[in-house]
Amino acid sequence: MPKDIYIIDGARTPFLKSRNRPGPFSASDLATAAGKALLVRQPFAPSELDEVILGCAAPSVDEVNIGRVAALRMGCGEKVPGWTVMRNCASGMQALDSAVANMLAGRSNLVLAGGVDALSRVPLLYSDAMVLWFSYFMAAKTPLAKAAMFLKLKPRQLLAPIIGIMKGLTDPYVGLLMGQTAENVAYRFGIDRRQMDEFAARSHAQVIRAQESGVLNEAHDGMAAEIVPVYDDKGNLYKDDDGVRRDSTAENLAKLKPFFDRKYGNVTAGNSSQITDGAVWLMLATEDAVKRHALNPVGRIVDSQWAGLDPAQMGLGPVHAATPILKRHGLGLNDLDAWEINEAFAAQVLGCLAAWREDKYCREQLGLGGALGDLDPEKLNADGGAIALGHPVGASGARIVLHLLHTLRRGKGRRGIASICIGGGLGGAMLVETV
């Protein structure tokens, strides 16, 4: 990049697992809570921001431009533009990249960017047939005509709504659920059920270790706490990610039935990411803003990349996005000190590792001279990932960038890549460094 883009600070809410009912917070509630906690730590007023950019994959209909809603609710004032971006699972990373683009172009110097989703609040939908029934019912002129409409109402249409989250997690081009694309990746690279469950168990164990050590909730190494607690309107406190399970061993996970391919599959709810609510923000600044406000950067965004691939194997997106960054900077997989690859599915992350190991894939799909080799597992997702934490789709791309920086600052090194697969056959990656 022609000039440095610094990360000044970052914060997120706890990631709260969906319990098959609307969660306690709307998406803008979560974004506002995390944003206010982050802004109060800064030596400048919220009104001094140049813009607010928020990624969100499933905004509520009453806050579609949720970036603007959050900016106003956080007290940024009417003159600070707030806007929303959407790139499915990487919406939060896209917000960061959009901020970087505007800063490099000279349009902004101080930007609050991040991501949010409250997936527990994705609505149930009526079918087209039910919507037509309502339309005809409202058009009926007389009480008798309206009563006659009830004779045409099929109870099944009324009692079998479309589950919005399932619709959203289905690729409209290839017609596959995201979990079915993970099955495709597993089949391609021969990844079996035991490998998936062991990876999922590792994710839970690492999150538990991180929670017990306090690295998620406490300040360390020049960085403020990653997680800020939130309170609901009844005064209940939420201070920790609540999707992690201590009983998620490989043996217990093996008892779960496949969900996406019930006859032949291996992808289960236990080795997939959880449906979750959460928000993440990062404060970005140019050199000019750093000097003007006497800021203390903790890292910088060095490079980023987006890539496209077969939507039916979208889980390999991190490979396609991260590899060009490695090539540009003359790096091997293990030249980096830490990696964050979002855990949409255990099969998907394992598939990425397998793709880098396979000579044929690297030659034919990535244009390399041969396999990149094995990524050191100790460098990957040091504190677990979305299988245990959850995957609030719009927030995850920003979370992995923020957490990667925390990992590096804890003494894990200086340089790392955060990468994410994206529904629709895309991948995103960011190279960050500590300062």
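Modeller: Glu51, Ile53 and Gly55 point one way from strand S3, Val52 and Leu54 the other way, and all are buried. Buried means under 20% relative accessible area, exposed over 50%, and partly exposed in between (1.4 Å probe, protein chains only). Helices (H or I, at least four residues) and strands (E, at least two) are DSSP runs, numbered from the N terminus. This is a predicted model: local features need pLDDT of at least 70, side-chain atom pairs count only at pLDDT 80 or more, and totals for chains, interfaces and linings use all residues. Residues are numbered from 1 along each chain as its sequence is written, and side-chain values use heavy atoms, leaving out hydrogens and water.

Biologist: Which strands pair with S3, and in which sense?

Modeller: Two strands pair if DSSP finds at least two bridges between them. S3 (residues 51–55) and S5 (residues 110–118) are parallel, over 5 bridges. Glu51 has Val111 as its bridge partner in S5. S4 (residues 82–85) also runs parallel to S3, joined by 4 bridges. There, Ile53 is partnered by Trp83.

Biologist: What unit do S3, helix H2 and S4 make?

Modeller: A crossover is right-handed if, with the strands pointing away from the viewer, the path from the first strand over the helix to the second runs clockwise. S3, H2 (residues 66–73) and S4 make a right-handed β-α-β unit.

Biologist: How many aromatic pairs are there?

Modeller: Rings of Phe, Tyr and Trp (its six-membered ring) pair if their centres lie within 6.5 Å; planes under 30 degrees apart count as stacked, over 60 as edge-to-face and the rest as tilted. The count comes to 10 aromatic pairs. One of them, Trp133 with Phe137, is stacked, at 5.1 Å centre to centre and 10 degrees between the planes. Both residues lie in helix H4 (residues 128–139), 4 residues apart, about one turn of the helix.

Biologist: Is Phe137 buried or exposed?

Modeller: Phe137 counts as buried because its relative accessibility is 17%. Phe137 also forms an edge-to-face pair with Phe150, at 5.4 Å and 75 degrees. Phe150 lies in helix H5 (residues 143–151), so this pair ties together parts 13 residues apart in sequence. At 47%, Phe150 is partly exposed. Tyr126, Trp133, Phe134, Phe137 and Phe150 form one aromatic cluster.

Biologist: Which charge lies over the face of Phe137?

Modeller: A charge sits over a ring if NZ of Lys or CZ of Arg is within 6 Å of the ring centre and within 35 degrees of the ring normal. Lys146 lies over Phe137, at 4.7 Å from the ring centre.
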